[in-house]
Amino acid sequence: MLVQRLAESGVEVPRDCSVVAYDDVVAALGSTPLTAVAPPKTEIGRAAAELLLHRLSGAVGASGPVRRTELLPTLKVRGSAQALTLPAG
């Protein structure tokens, strides 16, 4: 809806404004396919299940310190973002 509202206001995507969505579920389906940051859903589910099983196991440290997991998303480039042009120099 953002792209539609921008168009109604006279702002053209991507000429005047780039739009990047989060979560690539429906980003490609609009009249202007959106560039999107896509989280690694399979890996997120796997990590969550492993943590749950670890905590349910009652193993030593299962309820101990916080774990930190980093999972990097991917960028799906589509028609809603303009390429960055850097000044020469």
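Reader: Before we start, what counts as a helix or a strand here?
Author: Helices (H or I, at least four residues) and strands (E, at least two) are DSSP runs, numbered from the N terminus. This is a predicted model, in which local features need pLDDT of at least 70 and side-chain atom pairs count only at pLDDT 80 or more, while totals for chains, interfaces and linings use all residues. Residues are numbered from 1 along each chain as its sequence is written, and side-chain values use heavy atoms, with hydrogens and water left out.

Reader: Which residue does Lys41 form a salt bridge with?
Author: Lys41 pairs with Asp23, and their closest N and O atoms are 2.8 Å apart; a salt bridge here is a side-chain nitrogen of Lys or Arg within 4 Å of a carboxyl oxygen of Asp or Glu. Because Lys41 lies in helix 2 and Asp23 in the loop between strand 1 and strand 2 (35–38), the pair ties together parts that are 18 residues apart in sequence.

Reader: How accessible is Lys41, and what about Asp23?
Author: Lys41 is partly exposed at 44% relative accessibility, and Asp23 is partly exposed at 28%, where buried means under 20% relative accessible area, exposed over 50%, and partly exposed in between (1.4 Å probe, protein chains only).

Reader: How many salt bridges in the whole structure?
Author: The search finds 5. One of them joins Asp16 to Arg15, with the closest N and O atoms 2.9 Å apart, and Glu12, Arg15 and Asp16 are linked in a network. Another joins Glu70 to Arg68 at 3.9 Å, and both of these residues are exposed.

Reader: Switching topic, which residues make up the largest nonpolar core?
Author: It has 8 residues, namely Val3, Leu6, Val13, Val19, Ala21, Ala27, Leu34 and Ala36; a nonpolar core is a set of buried Ala, Val, Leu, Ile, Met, Phe, Trp, Tyr and Cys residues joined through side-chain atoms within 4.5 Å.

Reader: What does Val3 touch?
Author: Leaving aside residues up to four places away in sequence, Val3 touches Val13, Val19, Thr32 and Leu34, contact meaning heavy atoms within 4.5 Å.
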